[in-house]
Amino acid sequence: MADSVAAGLGEEKEAESGENGEKEREKRAACGAARPDTGSGASEQTETLGFYERKAKKADGRRSVSDLSLVRFVSAELTRGYFLEHNEAKYTERRERVYTCLRIPRELEKLMVFGFFLCLDAFLYVFTLLPLRVLLALIRLLTLPCCGLRANICPHCHYRSGSRLLQPAQVCDVLKGFIMVLCYFMMHYVDYSMMYHLIRGQSVIKLYIIYNMLEVADRLFSSFGQDILDALYWTATEPKERKRAHIGVIPHFFMAVLYVFLHAILIMVQATTLNVAFNSHNKSLLTIMMSNNFVEIKGSVFKKFEKNNLFQMSNSDIKERFTNYVLLLIVCLRNMEQFSWNPDHLWVLFPDVCMVIASEIAVDVVKHAFITKFNDIPADVYGEYRASLAFDLVSSRQKNAYTDYSDSVSRRMGFIPLPLALLLIRVVTSSVKVQGALGFACVVLFYLGMITLKVLNSIVLLGKSCVYVKEANMEEKLFQSPPSAAPSRASSRAHRTKYTREPAGESADEGVSASIITQPSHQPEYTASNLPTSESDQFLTTPDESEEKILTQDGTELVHRAPKKDLLEIDRFTICGNRID
């Protein structure tokens, strides 16, 4: 019994040990099966990265030597492909930039040609219409005694004795005429020949530095000069009932005379330097002066420009190009005088003149093309600039006009025609000798021809300006009253809105042509404190930052907008470079 029991227990232990051994074998087999799986997973994960696992190295070792040859690399480079449509927006934008650069020369030259004729119109005004307007004002001033002191309304000229002696526009014209006459007599004391030989005796580098200094000084004079003239005009035409807040008309007048005289001398030195460059033997000075235009590209292309800044720079370029043309005309007149008006010498000067003009046009095109490219400005913006200049011309013919067009061009472009016209008169009178009745007849015919050119130019410009204004949808702004500067008190705002409201009988359906031929109507004296600005300045403005609503005395709601950063605020040389950065 005991043996059998012991034998049974031994068999059970052997069976248990056998079962345990089988379980251990199964666990080992399972672990062995799991390890290859994890190894294969790791190899699958690292195969995409390459070269880090043994199997990858063994697989690379099994490759043939020809697979690692230079021929396979070259064939892969030759057959490698890509798809541009995966980044369609990027390449479309690049293509549009190229098209914009190709359109810039045409659009820019349209603006330049239009601006050139605007400057020409303001320049011819000084020679043609200004003397006639001054003569009419003086005749009216001399014929005032016919009205009598007791008569309320003169039966002959229908002049009211209680009104002004001269209208504000006539006062400004008379002041311009007196300034031109005084400065012309002062210019006779400046010897052009002595100035020419003094400048010619300097070295080339010194003349180059002098020419650059003259350009900077011309911009500074243009910036401050128009302010001097505007201060004189306003001081002379300001209503007398107001409290005197100025130094008087006579000091302002002498300041204006001094400015015009100094600016004319500055332009004379600039023209003399250019004349020396034309007459130099090796033309080295002319080449250096032309290379100075390309330096301008470096100073402006890599700066950030907004639309308003580009508009101001475009106006500066128009003014600079017109001034250069007048300087070239003065140089040709002086050289022709020295060679007894020999037409053969004109053909000697012709290549140099063409070279200067071509370099100026090339520099402007390259400069504007890269500025529009780097700042993502479309080429259509030059059409907007042209419409803004056209609006200034059309609005100067309105009933509510507040300035003459020649002054508007001066403020917009920085082009002041008085000093340049004074210098041209001085050069022409010293170069051309008028003798006999035939000579005076030629002068009269030439003057009549200039008047004809001025009238035709004004008619064509006015027609084109009306077309540009209609295309820009700015026609309805012509019939709005000019906006005024923000007064300091709400009562003055209510007082202004009460009297500047348009009559109910008038409508904007009259058309542009019906209002550009009418005379400006005299505004009441209570609106004299308003400083109107051009409606074209609302054409390219930044959005309003805030809007304030004010209740007037009569209960009406008046919306007062925050001042805009419009074009009129940057229409002068606020910085030496005639731009705002």
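Where is the place of W341? Select W341 to find out. W341 sits in the loop between helix 11 (307-338) and helix 12 (343-374). Keep in mind that this is a predicted model.

**Stop 1**

Most residues other than glycine have a negative phi. W341 counts as partly exposed, because its relative accessibility is 40%.

Now select D376. This residue is in the loop between helix 12 and helix 13. D376 is not a glycine, yet here too phi is positive, about 55°. Is D376 buried or exposed? With 52% relative accessibility, D376 counts as exposed; the cut-off for that class is over 50%.

**Stop 2: helix 13 against helix 14**

Move on to residues 381-395, which are helix 13, and residues 405-413, which are helix 14. Two packed helices are described by the angle between their axes and the distance between the axes. Here the axes come within 9 Å and cross at roughly 150°. Angles over 145 degrees count as roughly antiparallel, so helix 13 and helix 14 are roughly antiparallel to each other. Their crossing is right-handed. Show side chains for the contact. Helix 13 contributes S388, L389, D392 and L393. Helix 14 contributes Y405, S408, R412 and M413.

**Stop 3: a charge over a ring**

Select R386 and Y468. What sits over the ring of Y468? The charged end of R386 does, 4.6 Å from the ring centre.

Then jump to K90 and Y91. K90 lies over the face of Y91. The distance from K90 to the ring centre is 5.9 Å.

**Stop 4: helix 4 against helix 15**

Display helix 4 (residues 88-127) together with helix 15 (residues 417-431). At which angle do helix 4 and helix 15 pack? The angle is about 60°, and the axes are 10 Å apart. Helix 4 and helix 15 are therefore oblique to each other. Helix 4 passes helix 15 in a right-handed crossing.

**Stop 5: aromatic rings**

Keep F123 and F127 on screen. Both belong to one aromatic cluster, which also includes F116, F117, F322, Y325 and F415.

How many aromatic pairs does the structure hold? The count is 14. For one of them, select F253 and F254. A pair of aromatic rings is described by the distance of the centres and the angle of the planes. The ring centres of F253 and F254 are 5.9 Å apart, and the planes stand at 70°. Planes over 60 degrees apart count as edge-to-face, so this pair is edge-to-face.

Colour the two by accessibility. F253 is buried, with a relative accessible area of 14%. F254 is exposed, with a relative accessible area of 52%.

**Stop 6: T287**

Finish in helix 10 (residues 284-301), where T287 lies. T287 counts as partly exposed, because its relative accessibility is 49%. Draw a C-alpha to C-alpha distance from T287 to A277. How far apart are T287 and A277 in space? The distance is 8.6 Å, with the two residues 10 apart in sequence.

Note on methods: Residues numbered from 1 in each chain as written. Predicted model: local features only at pLDDT ≥ 70, side-chain atom pairs only at ≥ 80, totals over all residues. Heavy atoms only, no water. Phe/Tyr/Trp six-rings, centres within 6.5 Å; stacked < 30°, edge-to-face > 60°. Buried < 20%, exposed > 50% of the residue type's maximum accessible area, 1.4 Å probe, protein only. Lys NZ or Arg CZ within 6 Å of the ring centre and 35° of its normal. Axes fitted to C-alpha atoms, helices over the stretch in contact; angles between N-to-C directions. Helix = DSSP H or I, 4+ residues; strand = E, 2+ residues; numbered from the N terminus. Parallel < 35°, antiparallel > 145°, perpendicular 65-115°, else oblique. Left-handed = near helix turned anticlockwise from the far one by under 90°. Contact = heavy atoms within 4.5 Å.
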